[in-house]
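These are notes for a colleague opening this structure for the first time.

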Amino acid sequence: MASGRIVAALIAPVVGPDHCGIAAPLKLSAIILPDGARVPLEPESLLRCDFAEALADWVREDVAPLARIAGGRLAKILGSDGYECRSRNRISGAIISEHATGNALDLRGFKLQDGRTLLIGSANEDLDFMTQIRDTSCARFTTVLGPGSDGYHQMHLHFDLKARRIGYRICQWDME
């Protein structure tokens, strides 16, 4: 928060069952663009601080400039799930999700100031924009799952910073 790039509230540590929790959580409400404009995250999301900073870097350096190229300024980020103590894909017995440690976020899309809403599940609305969103998110995050990856991610984009051996990354988002 001291970076001046995010609007967030620090909250008390979150401790949950089964290795869920965040030692230093924050509730992210907006990202501040280089020109000072605030782009709200709707709804606000509970995240780890380092993940919130990585998200801010991506929005400031990639998403907002791509929105301008697509013909509008970025007005809002349409999220869905940040922290949630659960297993992957909410399947009983599956390994713990990165959401359970505040190290992941699901996005539904973006709202532009010209009134357009660009949704992840409707990539053909602006295929060039969404292709570049995929490419930049895959370059920055270690996991990116979107439409075409599996039945759980058809209408949203999941991304996280899961640490894996030898720097392995997953980028699965089909553009049709």
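1. The torsion about the S-S bond of Cys-138 and Cys-171 is about 70 degrees, so this disulfide is right-handed; a disulfide here is a pair of cysteine sulfur atoms within 2.5 Å. The pair links distant parts of the chain, with Cys-138 in helix H2 and Cys-171 in strand E11, 33 residues apart. Their sulfur atoms lie 1.8 Å from each other.

2. The model is a predicted one, in which local features need pLDDT of at least 70 and side-chain atom pairs count only at pLDDT 80 or more, while totals for chains, interfaces and linings use all residues. Residues are numbered from 1 along each chain as its sequence is written, and side-chain values use heavy atoms, with hydrogens and water left out.

3. By the distance rule the count comes to 2 disulfides, and the other link joins Cys-20 to Cys-85, with 2.0 Å between the sulfur atoms. The link of Cys-20 and Cys-85 is right-handed, with 85 degrees about the S-S bond. Cys-20 lies in the loop between strand E2 (14-15) and strand E3 (21-22), and Cys-85 in the loop between strand E6 (74-79) and E7, so the pair ties together parts that are 65 residues apart in sequence.

4. Cys-20 is buried at 8% relative accessible area, where buried means under 20%, exposed over 50% and partly exposed in between, with a 1.4 Å probe and protein chains only. Cys-138, at 14%, also counts as buried, whereas Cys-85 is partly exposed at 34% and Cys-171 is partly exposed at 40%.

5. Helix H2 covers residues 127-140; helices (H or I, at least four residues) and strands (E, at least two) are DSSP runs numbered from the N terminus.

6. Helix H1 is mostly covered, with 15 of its 21 residues buried. H1 bends by about 40 degrees at Val-59, the bend being the angle between axes fitted to the seven residues ending there and the seven starting there.

Terms used: The expected span of a helix is 1.5 Å times one less than its number of residues.
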